[in-house]
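Let us take a walk through this protein together, one stop at a time. Please have the sequence and the 3D view open as you read.

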Amino acid sequence: MSFQEKPSLGKLLLDDTVPLTAVIETSQNLQSHTEYIIRVQRGVSIDNSWQVIRRYSDFDVLNSSLMAFGINLPLPPKKLIGNMEREFIAERQRGLQTYLDTITQNFLISSSLPVKKFLDPNNYSTNYTEIALQQVSMFFRSDPKWEVLEPLRDVGWRIRKKYFLIRNKDQPKERYLLSWVDLGPDKFLSDKDLHSAMKLLTSQSTPYICPLLFASSSESSALLIRPFSDRGSLRDHIYKVKPRESYLKKYGNPKKNQSLELQHIKLYGRQILEGLRLLHDSGIFYGHLHASNVIVDDGVCQLLDVENGMLGVPSALRPAFTQLRKIKTTENIDVFCFGHLLYEMTYGQLPDRVPVDEYPAAPHTSVESVLRSILSTEACKSGMPTVSELMQTPLFSDVHVQSEKLQVKVPSRLKEALKTAKEVLERRLQEEQRVIHQHRRLIKAQYHHGSDEEKRRRKILARKKSRQSAYDNEEDVTIRNNNSGSGASSPPTCPSSPTPPSTTGETAPPPPLPPALDDSCPSPPSSSSDGGGKSRAALLSSIQTFSKGKLKKAETTDRSQPII
């Protein structure tokens with residue numbers, strides 16, 4: 001069986017997990033409505049930004065689509081009369097900005113297709129459901145034993161991944177899950193190596209990894225078939241929801257979520273760690289561990305979507321671990337993801353933010369100890385434990401699991417290709433972390449520069465510099481006045497008659513030696529510091545005590561008359 005698809009030329013592989021921010025820059029009134037000009041930016045680079053123009057009615061349509069999933073957001077109310085007044089438009093703009101901040105800061109909501117289309121229509125106008133149906137139809141024509149029972153719409157959070165419930169005609173009572181996924185920006189295996197990796201995964205059977213019955217990849221997408229679990233994922237069990245419902249409806253506004261008992265936390269946690277160790281020992285990078293990618297079958301946890309790392313699709317927690325520079329390897333990513341999963345099993349919900357230093361009461365102190373070793377500020381700064389170290393903690397060390405050592409036999413050529421792809425993936429992660437770190441430092445410096453305390457400090461410093469400059473100028477004027485009246489100019493020399501030029505054409509004799517100094521030629525002033533200081537002091541004293549009234553009247557004789 002083969003799966004073929006020709007990718008569109010020049011196709012840009014976007015990372016859908018990169019956060020979008022939206023700021024309403026201004027508004028403009030037209031004849032009967034107001035348009036809001038929104039600046040949208042992907043990531044931290046201002047160069048990766050664009051403008052979209054939206055009316056209030058566009059916001060209302062978006063809000064209605066989100067309310068269908070049971071999500072209530074703070075959209076400003078409608079107003080029929082006076083909605084073109086300047087004060088009302090300014091107030092509504094502030095309310096719409098709050099609305100945008102709310103949806104962009106929530107990962108589940110911001111990852112939904114309605115929000116992506118609203119903020120980035122150019123990149124999210126493709127109908128991926130239609131593309132998936134076309135590819136699945138092509139696959140079924142090549143292998144007619146399969147048939148689609150129903151599409152599972154929006155059952156997962158990925159926009160570029162679609163699910164179908166199918167069955168094998170030879171086994172009509174069995175249900176299987178078919179998924180079609182677009183390849184992601186982190187796909188660093190060649191097409192040949194990726195095909196070999198998919199073939200490897202379909203041939204393995206281990207207790208802690210969900211079996212993959214069929215996998216095929218093309219130049220731009222992949223198609224996979226695995227058993228369908230009627231009980232749903234571990235997250236479905238925690239949130240008490242039906243597996244086939246929409247992802248946003250199940251988890252966007254949960255009401256019945258419940259934590260697990262300590263014995264299940266210990267058992268499931270140890271089994272998940274065993275699955276991670278198996279992948280790490282085999283050289284297979286994962287990075288996609290979360291409660292929706294874990295199913296429980298007869299008390300045994302199995303990992304789903306272990307192929308995601310090789311397909312290059314970004315992790316759901318990528319926006320979180322790109323902020324932490326101590327997470328440098330794919331093993332670090334898996335431990336970080338395990339910390340979130342353990343938190344969700346313990347408290348029935350994901351942490352609001354990371355790092356986490358304050359924890360509600362845990363069922364046992366050993367649980368909080370493991371959580372702190374992964375999610376605390378100290379752990380995010382100094383480093384996290386390895387999978388083997390977590391298995392040796394008191395929380396998991398006494399859990400009985402299968403004693404025989406599990407392994408996945410990876411061909412040497414594929415193992416080398418996986419190692420190279422893993423290194424490239426880690427370099428991309430570290431480069432993105434470096435850019436985000438520099439941006440964060442710049443924002444911090446700009447905030448500090450514009451803070452009230454910094455403005456006061458600069459104002460005081462400017463006043464000090466002004467006073468110092470005035471004092472220096474006054475001192476320079478005093479020194480110049482002293483120098484002009486203290487005879488500090490170049491000393492006078494005795495006059496001498498110039499030698500007339502020769503008119504005979506003969507060589508002029510050398511000039512005579514200068515005459516010896518005598519009493520008629522004044523001597524230059526002494527350069528001793530003591531004499532100079534006294535003369536300056538005398539000059540200052542004479543200037544200060546000068547009085548016009550003390551001047552003597554001069555007697556003049558008029559000799560301008562002619563003498564007769």
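Lys-405 sits in the loop between α15 (387-391) and α16, where helices (H or I, at least four residues) and strands (E, at least two) are DSSP runs, numbered from the N terminus. Lys-405 and Glu-274 are 131 residues apart in sequence, yet 9.7 Å apart in space, C-alpha to C-alpha.

A word on what you are looking at: this is a predicted model, in which local features need pLDDT of at least 70 and side-chain atom pairs count only at pLDDT 80 or more, while totals for chains, interfaces and linings use all residues. Residues are numbered from 1 along each chain as its sequence is written, and side-chain values use heavy atoms, with hydrogens and water left out.

Now step back for the overall view. The protein has 18 helices and 10 strands, and of its 564 residues, 42% count as buried. Its accessible surface comes to about 33,400 Å², of which 52% belongs to carbon and sulfur atoms; these areas come from the Shrake-Rupley method with a 1.4 Å probe, and for residues only the protein chains shown count as cover. Contact means heavy atoms within 4.5 Å. Among contacts between residues at least 6 apart in sequence, 64% join residues at least 24 apart.

Helix α16 (residues 412-450) is our next stop, and it holds Val-424. This valine is partly exposed, with a relative accessible area of 25%. The C-alpha atoms of Val-424 and Phe-188 are separated by 7.3 Å, although the two residues are 236 apart along the chain.

Next come the charged pairs. A search of the whole structure finds 25 salt bridges, each being a side-chain nitrogen of Lys or Arg within 4 Å of a carboxyl oxygen of Asp or Glu. One of them joins the side chains of Asp-15 and Arg-318, at 3.4 Å from N to O. Asp-15 lies in the segment before β1 (20-29) and Arg-318 in helix α11, so this pair ties together parts that are 303 residues apart in sequence. Both Asp-15 and Arg-318 are buried.

Another salt bridge links Arg-226 with Glu-307, their closest N and O atoms being 3.1 Å apart. Because Arg-226 lies in strand β8 (residues 221-227) and Glu-307 in the loop between β10 and α10, the pair ties together parts that are 81 residues apart in sequence. Arg-226 and Glu-307 are both buried. Elsewhere, salt bridges that share partners join Asp-15, Asp-186, Arg-318, Arg-428 and Glu-432 into one network. The side chains of Asp-191 and Lys-187 also meet in a salt bridge, at 2.7 Å from N to O; here Asp-191 counts as partly exposed at 36% relative accessibility.

On the surface, you can look for a patch of positive charge where Arg-325, Lys-326, Lys-328, Arg-440, Arg-441 and Lys-444 gather. Such patches are made of residues with over 30% relative accessible area and no salt bridge, with like charges joined within 9 Å and nonpolar side chains (Val, Leu, Ile, Met, Phe, Trp, Tyr) within 5 Å. Lys and Arg count as positive and Asp and Glu as negative, while His and the chain ends are not counted; the place of a charge is taken as NZ of Lys, CZ of Arg, CG of Asp or CD of Glu.

The last stops concern the backbone. Most residues other than glycine have a negative phi, and most peptide bonds are trans. Lys-240, in the loop between α7 (234-239) and α8 (247-251), has a positive phi near 55 degrees and is partly exposed at 40% relative accessibility. Asp-305, in the loop between β10 (300-303) and α10 (308-311), also has a positive phi near 55 degrees, but is buried, with a relative accessible area of 7%.

Finally, a cis peptide bond joins Val-354 and Pro-355, with omega about 5 degrees. Pro-355 lies in the loop between α12 and α13. Leaving aside residues up to four places away in sequence, Ser-376 touches Pro-355, Val-356, Asp-357, Tyr-359 and Leu-371. Ser-376 itself is found in the loop between α13 (365-375) and α14 (377-382) and counts as buried at 7% relative accessibility.

Definitions and conventions:
Buried < 20%, exposed > 50% of the residue type's maximum accessible area, 1.4 Å probe, protein only.
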